[in-house]
Amino acid sequence: MGIEENYQRRDKELSAIGSDPTGGLTRLLYTDVWKQGQEYVKAEMEAFGMQTRYDEIGNLFGRIEGSELPEETVMSGSHIDTVVNGGHLDGQFGILAAVTAMEYLVATHGQPKRSMEVLSLAEEEGSRFPTVFWGSKNLMGEANNEAVADIADAKGLKFVDEMRRQGFDFKAEQKMREDIKAFVEIHIEQGNVLENQELQIGVVNNIAGQRRYTVILKGQANHAGTTPMGYRRDTVYAFSKICVEGIEKAKAIGDPLVLTFGKVIPKPNTVNVVPGEVEFSIDCRHTDAEALKAFTAELEALMHRIAEEDGLEIDIDLWMDEAPVPMDEGIVSAIEKKAKEGNYKYRLMHSGAGHDSQVIAPHYPSAMIFVPSIGGISHNPAEETKVEDLIEGIKILADTLYELAYV
């Protein structure tokens, strides 16, 4: 069987593990279906000769030893967990693409010069417990064990208890590996740039930085009928000005800057009371750290100005400040070289979403490949990509891994 047949079989079989009766896929960290998913991937890797192992917390590795430079490892993979009622491609595609690409390379070219590994990360999404990138942070020696020691899921099940129930535990020692020379993650775009431009491959050269805020405006709740307009301290009115002016400024700057006011909670949130308090969120992203800081500083000044003009108190909490993460120029060049040689329809682009690669890239040379998402839909049962685009992605991944592991 070829690349397409092997991939489609695996996708169908793995998608059945955690299939949600209401549609979509739910495979959360340290649940039984999560373990079944990892065991399925393990069996598929062993079927064509990979040596497999778990680390202490449940990351899964499949390895083909190199013939000349076994101490140098080229790695590819993604995360096995999903969001609740998610799609079958986010994370899962990156794992199955790596398995299928490496199976093809071994069958076609034999043992690689450098060792190759598939990585099936335990967790990325944060969908069950309030922690994210648990898999990749453990791989990088960055996991904060104290932060998860007392957390629980929505049912009250403790993180530590569930981890141990599946046969895993904290690492005895947070230690990075010294053999990893390259990591390539293939992923669906989760946006609509490639689809709109009728392209099949995105060569990712940067993962955008993120700043997230929680902002609270405080005014005075009052009677909607008896409080004249000039006497009001209306927090929704002030929020609306912040939203409009902020988004207009972001539009004027344009790509790759994006700004989102995603959550708004007015209080008391009733029809006949002037809202005396509003809590809202801000998500701002850019691929340039200084540009991100400059814009958000301007946005903070704008919010303070509007609050003062309207006689309001304001509290601004910057609770996430993640710098942009550039991808490795050498691996990006290798992917682009293969894209040109293979006449793939591609473009260089950044990722606006976060991925495991942003945790791995500061430590090991890393890059990403995107394939299109139909309608830009992700984290949804309707998440889909044309089969031919998925296969083109696996092929360029195989081409890239050949360049890194065989040449």
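In this predicted model, Tyr 30 has a relative accessibility of 0% and therefore counts as buried, since the term applies to residues under 20% relative accessible area. Tyr 30 belongs to the loop that runs between helix H1 (3-15) and helix H2 (32-47). The backbone of Tyr 30 deserves attention as well: its phi is near 65 degrees, a positive value in a residue other than glycine.

A positive phi is also found at Asn 85, where the angle is about 55 degrees although the residue is not a glycine. Asn 85 is part of the loop between strand E3 (69-79) and helix H3 (92-109). Is Asn 85 buried or partly exposed? With a relative accessible area of 25%, Asn 85 is partly exposed, because this class covers the values between the buried limit of 20% and the exposed limit of 50%.

The account now turns to peptide bonds. Between Asp 255 and Pro 256 the bond is cis, and its omega is near 5 degrees. Pro 256 is located in the loop that links helix H8 (235-253) with strand E9 (258-260).

Pro 268 is joined to Lys 267 by a cis peptide bond, for which omega is about 10 degrees.

Conventions: Residues numbered from 1 in each chain as written. Predicted model: local features only at pLDDT ≥ 70, side-chain atom pairs only at ≥ 80, totals over all residues. Heavy atoms only, no water. Helix = DSSP H or I, 4+ residues; strand = E, 2+ residues; numbered from the N terminus. Buried < 20%, exposed > 50% of the residue type's maximum accessible area, 1.4 Å probe, protein only.
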